[in-house]
Amino acid sequence: MQPKAARNISIEALRLVAVAGIAIFHTFQWSFKAVYTGMPEYASLAAFPYSGVLGSINLLGCWANEVFFMISGYFLIPSAVRNLQNGLSTQALARKSFARLKKIVLPTLFYCAACLLVSMYVYPLPEISLHEIGWLTLGIEFIWVYAASVLLVPAIALARQRIGSKRAPFVVALLVLTTFGINGYIAATANEVADIVLWRKLMSAVTYLVAFIAAGEMRFALECHDKASGAQKSKIMLIGLIAATVALELLLSANRQYDALWKLSYKSTSVISFILAAVSVAAAALHQPRHKVPAADKVIASLAAGTLGFYAVQSFTCNVWRPIFDNVIYAMATGIQTGEPHPAGAILLGILMSLCLAFALLIMDIVRRAVVDAIKACMNS
């Protein structure tokens, strides 16, 4: 186990890749849905290989959500189990979870208040007001489920201790299989049952929690194997899975199987994204960089620390930036201004805009943390 202060820079870099994945995914959500539903204006993006690229981007968003939960579960659950084994009381473990919870809730509440003030006195942000609660609940469901998962760490650790280390992997495997069995049913019937929308949301939250638990058990399994060989195997497996996934997406694109493209990356319940996330976390956690660059490592860690801030703000402001991004992608994909569609250019420009937005929001969170630290220093002095 690493000391608490130690930071695995590969894991921090993976967080940043996941942030980029979420940003790109949200930018192309409408475009992918337009392709899936057969809107004629998006015919250029529906062609091969562009629909396959959009399908991969949609899958990327699901993968990124799983990664966030798996990274935390990978470290928090084994740490809690070891603490219990070393005699730490459940009350002390609960206090640790509450301390972590503050680091999630307080920044989120700060951005809630900031966006509300902006909406009330500077520029009206659609759906952000005291009269609506959707933006504070399902709008940031990801954050609240993450907070609940962190709060449940002591209970998860206690449950594993009672189940026993020999039976725990089988219990977790059964939990994963059951969850994705339900997810498969939802994906298969989503277009036929109107009430399935609520189930889809609920199962997204359940899948996040299952990913959190599964990653904790994965760490126990990895610790039983040689670290160097495990790192090599996980990298090879990850490359193979990525290649196979992209090939599948392109094959479905070539055969115009848009419904299959949609269901393969259905919300956050995609089994492909779950497996890819697990292997990604394992590869990053086991990877040991040959050369350390302190300045670069510090920048990566500082940017990665703004993950929750990024997620909150991009969610609160999505009705401002997304229509702009959608219009830019639409104009280039349809060639409405130039007279000739440029689907590749539309995808590349959309990716570039997404990365710029993500970087700006991560920098903003660095500034917020610097101001908070400065205020604390002044108060302490």
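Let's start with F316, which touches Y111, C112, C115, I128, W135 and I140, leaving aside residues up to four places away in sequence. This phenylalanine belongs to the largest nonpolar core of the predicted model. That core has 107 residues, and F310 and F316 touch the most other members. Helix α4 (residues 50–85) supplies the largest share of the core, 16 residues.

As for confidence, the chain has an average pLDDT of 91, and 96% of the residues score at least 70. Residues 1–5 fall below 50, and this stretch has 8 contacts in the model beyond near neighbours in sequence.

Now to a helix pair. Helix α5 (residues 90–121) packs with helix α7 (residues 153–163) at an angle of about 140 degrees, their axes 8 Å apart. Because an angle over 145 degrees would be needed for roughly antiparallel, α5 counts as oblique to α7. On the α5 side the contact is made by T90, L93, A94 and S97, and on the α7 side by V153, P154, A157 and L158. These residues divide into 6 nonpolar, 2 polar and no charged.

The backbone also has some points worth a look. Most residues other than glycine have a negative phi, and most peptide bonds are trans. The peptide bond from F48 to P49 is cis, with omega near 0 degrees, and P49 sits in the loop between α3 (43–46) and α4.

| Residue | Phi | Loop between |
|---|---|---|
| R256 | about 55 degrees | α10 (227–254) and α11 (258–264) |

R256 counts as exposed, because its relative accessibility is 55%.

Notes: Residues numbered from 1 in each chain as written. Predicted model: local features only at pLDDT ≥ 70, side-chain atom pairs only at ≥ 80, totals over all residues. Heavy atoms only, no water. pLDDT = per-residue confidence, 0-100. Contact = heavy atoms within 4.5 Å. Core = buried A, V, L, I, M, F, W, Y, C linked by side-chain atoms within 4.5 Å. Buried < 20%, exposed > 50% of the residue type's maximum accessible area, 1.4 Å probe, protein only. Helix = DSSP H or I, 4+ residues; strand = E, 2+ residues; numbered from the N terminus. Axes fitted to C-alpha atoms, helices over the stretch in contact; angles between N-to-C directions. Parallel < 35°, antiparallel > 145°, perpendicular 65-115°, else oblique. Nonpolar A, V, L, I, M, F, W, Y, C, P; charged D, E, K, R; others polar.
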